[in-house]
Amino acid sequence: MDKKRFRVNLVLILAACVIGIMTMVAMMLQSISYSTGIAVIVGTLILCCGGLAWINYHYSAYGKQFSTRYPDSQHNKKS
């Protein structure tokens, strides 16, 4: 994993943790309702997981790195 991708992954994970903790504290202090807090936490998790999947897709076995290393793979063949 290169440094740039590592940093972006770390920022996304830390952002999810910080938003989750702040939302839980706000729910405990009753600054926001529980349903709103749960919606914020679930939305944050969906966005961060989607971001991680999008960033790391190109380096997976199905992404761009695989197709450039193995040009005769099924991934590159047109039907």
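Colleague: In which helix does V11 lie, and is V11 buried or exposed?

Modeller: In this predicted model, V11 lies in helix α1. To classify a residue, one compares its relative accessible area with two cut-offs: under 20% is buried and over 50% is exposed. V11 has a relative accessibility of 55%, so it counts as exposed.

Colleague: How many residues apart along the chain are V11 and C48, and what separates their C-alpha atoms?

Modeller: They are 37 residues apart along the chain, and their C-alpha atoms are separated by 9.7 Å. With a relative accessible area of 31%, A15 is partly exposed.

Colleague: How many helices and strands does the protein chain have, and in what order do the elements run?

Modeller: The protein chain has 3 helices and 0 strands. Read from the N terminus, the order is α-α-α. Of the 79 residues, 22% are buried. The accessible surface is about 6,300 Å², and carbon and sulfur atoms account for 70% of that area. Contacts may also be sorted by separation in sequence: among those between residues at least 6 apart, 39% join residues at least 24 apart.

Colleague: Which residues does T44 touch, and is T44 buried or exposed?

Modeller: T44 lies in helix α2. Setting aside residues up to four places away in sequence, T44 touches A16 and I19. Its relative accessibility is 12%, which is why T44 counts as buried.

Colleague: What can be said of M27, and with which residues is M27 in contact?

Modeller: M27 has its place in helix α1. Its relative accessible area is 10%, so M27 is buried. Beyond its neighbours within four places in sequence, M27 is in contact with I32, S33, Y34, G37 and I38.

Colleague: Which residues make the nonpolar surface patch, and what is its area?

Modeller: The patch is made by I21, M24, V25, M28 and L29, and its area is about 530 Å². One of its members, I21, lies in helix α1. M24 is named both in this patch and among the α1 residues in contact with α2.

Colleague: How is the phi of Q30 to be read, and where is Q30 placed?

Modeller: Most residues other than glycine have a negative phi. Q30 has a phi near 60°, a positive value in a residue that is not glycine. Its place is in the loop between α1, which spans 3–28, and α2, which spans 34–57. The relative accessible area of Q30 is 65%, so this loop residue is exposed.

Terms used:
Residues are numbered from 1 along each chain as its sequence is written. This is a predicted model: local features need pLDDT of at least 70, side-chain atom pairs count only at pLDDT 80 or more; totals for chains, interfaces and linings use all residues. Side-chain values use heavy atoms; hydrogens and water are left out. Helices (H or I, at least four residues) and strands (E, at least two) are DSSP runs, numbered from the N terminus. Buried means under 20% relative accessible area, exposed over 50%, partly exposed in between (1.4 Å probe, protein chains only). Patches are made of residues with over 30% relative accessible area and no salt bridge: like charges are joined within 9 Å, nonpolar side chains (Val, Leu, Ile, Met, Phe, Trp, Tyr) within 5 Å. Accessible areas come from the Shrake-Rupley method with a 1.4 Å probe; for residues, only the protein chains shown count as cover. A salt bridge is a side-chain nitrogen of Lys or Arg within 4 Å of a carboxyl oxygen of Asp or Glu. Contact means heavy atoms within 4.5 Å.
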